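Student: I have a protein structure to study. Could we go through it by question and answer?

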Amino acid sequence: MTAIVPTAWIWMDGRLVAWDDAKVHVLTHGLHYGSAIFEGIRCHRATGGTAVFRLREHLERFRDSAKIYEMHLPYSVDELVRAVRELGRANGSPEAYVRPIAFTGYGEMGVDPSGSRVQVAIGMWPWGAYLGEAGAQRGVRATVSSWTRIDSRSLPPQAKCSANYANGILAKLEARAGGYDEALLLNSAGLVAEGPGENVFRVRNGVLSTPPASSGILRGVTRDTVVQLAIEDGIPVQRTGFTREELFTADELFFTGTAAGVTPIREVDGRPIGTGAYPVVRRLQTLYEDALRGRAPKHADWLTYLGAA
Ligand SMILES: Cc1ncc(COP(=O)(O)O)c(C=O)c1O
C-alpha cells in the first residue's frame, strides 16, 4: 500500500494542472462502469539522473489496454512518453510512482461508453514499498484465495482495466481478513495465476517457472524483466502453469511487480516455503535493482531519463 503524498502537478488532458485542480465530475462514466485503463510505473534515482523504468513498454501496454476496450486514446505513445518526462521534471520527485489513467469521462450515462469523451491523466507521488520493506527482506505470508481469477472469456486480464481490480479487491479483502499479507489467485482451470497486483514465480531445483500469459494474468513488465535477467544469468526459465500443491513443494516462491519489486513469499496458508533462505530471489533482487539504478550497462535502454526540458 502506498499513501498518496501530493506533488505539485498532475498532467491532465494535455497540460499540467495544479494537484488540487485535477478533478472530474462525480457522474464520470469510468467511475460508474469501470471504463478506465491505467498503468503503474516507477521513477527513481539512477546513475546519470532521475529515470523512469521501461516507460515505453508500460505505455505500449497502456495503448494495448485501450485498444482492447476500443477506447480511442487521443495521445500516441511518444506523446505520453513526453508527458511523463514533463511531469517528472515539473514535480522533481526522484523516487516516485507514476500513474497514467485513461477513462471515459462525463457525457452520457449507460453502459455504452461511446458517448463520453476519453480523458487522460498522469499523476505521480513519492514511492513507498507496496508489500513493505520488511516483506522484501523477510518474505510475505500469502493465502490461496477462494475467488477465481478473471479470465479472457469474461474480463480480459491482459488489459490493465480498472474493472479487473474488483476481482483483486475481493481477494485482497479476504486475505487481509485471514491475517495474510497477500492473496494468490487460481484461474478457472485451477492453476496458479497471480496476485491481485503481482505476478508469481516458483523455483524448484534451480529452475524458475511462471504462469504463461494465457493463464489469466497481466503480462507484467517486472515479470518480463526478471525472465530476461534470469536467462542472462544462466537460470533456466519455463513459462508453464503450476498447481496449488506445487506452491507447497517449491524451494522458493516470489511475487514481481512495479510496486512489489521482487518479493519472496515465505508462507502459503501457514505452510513454510522451502528452507526460508532465498538464494535465487536474492540474486534476482540484486540484478533487478542494478537494472533499475542504471548499473547494468546491457540494459541502459530500459531507462528513460527525465533530462532537461
Ligand atoms: C494484476 C497484476 N498482475 C501483475 C502486475 C505486475 O505488473 P508489472 O510488473 O508490469 O507492474 C500488476 C501490476 O501492475 C497487476 O496489477
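This is a predicted model: local features need pLDDT of at least 70, side-chain atom pairs count only at pLDDT 80 or more; totals for chains, interfaces and linings use all residues.

Tutor: Residues are numbered from 1 along each chain as its sequence is written, and side-chain values use heavy atoms, with hydrogens and water left out.

Student: How far apart are the C-alpha centres of domain 1 and domain 2?

Tutor: The protein chain is divided into domain 1 (9-126) and domain 2 (133-292). Domain bounds come from an automatic or database domain assignment. The C-alpha centres of the two domains lie apart by 26 Å.

Student: How many residues does each domain give to the contact?

Tutor: Contact means heavy atoms within 4.5 Å. On that basis, domain 1 gives 19 residues and domain 2 gives 22 residues.

Student: Where does the largest cavity lie?

Tutor: A cavity is a set of points on a 1 Å grid over the protein atoms alone where a 1.4 Å probe fits but cannot get out, and lining residues have an atom within 4 Å of a point. Grid points are joined across faces, edges and corners, and a volume is the space filled by probe spheres set on the points. The search finds one cavity of 30 Å³ or more, with a volume of about 30 Å³. Both domains give residues to its lining, so the cavity lies between domain 1 and domain 2.

Student: How many residues of each class are in the lining of the largest cavity?

Tutor: The lining is Arg42, Phe53, His58, Val221, Thr222, Thr258 and Tyr288. Ala, Val, Leu, Ile, Met, Phe, Trp, Tyr, Cys and Pro count as nonpolar, Asp, Glu, Lys and Arg as charged, and the others, Gly among them, as polar. The lining therefore splits into three nonpolar, three polar and one charged.

Student: Which strand runs parallel to strand 15?

Tutor: Strands are DSSP runs of E, at least two residues, and helices are runs of H or I, at least four, numbered from the N terminus. Two strands pair if DSSP finds at least two bridges between them. Strand 14 (residues 252-257) pairs with strand 15 in the antiparallel sense over four bridges, and strand 16 (residues 271-272) is antiparallel to strand 15 over two bridges. Three bridges join strand 15 in the parallel sense to strand 8 (residues 140-148).

Student: Which residue takes a positive phi in the hairpin of strand 15 and strand 16?

Tutor: Valine 268 has arginine 271 in strand 16 as its bridge partner. This hairpin has two residues between the strands. The one with a positive phi near 50° is aspartate 269.

Student: Is threonine 256 buried or exposed?

Tutor: Threonine 256 sits in strand 14. Leaving aside neighbours within four places in sequence, its contacts include Phe201, Arg223 and Val262. Buried means under 20% relative accessible area, exposed over 50%, partly exposed in between (1.4 Å probe, protein chains only). Its relative accessibility is 0%, so threonine 256 is buried.

Student: What is the C-alpha to C-alpha distance from threonine 7 to asparagine 91?

Tutor: Threonine 7 lies in the segment before strand 1 (9-12). At 14% relative accessibility, threonine 7 counts as buried. Asparagine 91 is 84 residues away in sequence, yet the C-alpha to C-alpha distance is 6.2 Å.

Technical notes. On a 1 Å grid over the protein atoms alone, a cavity is a set of points where a 1.4 Å probe fits but cannot get out, and a pocket is an open set with protein on both sides within 12 Å along at least five of seven lines; lining residues have an atom within 4 Å of a point.
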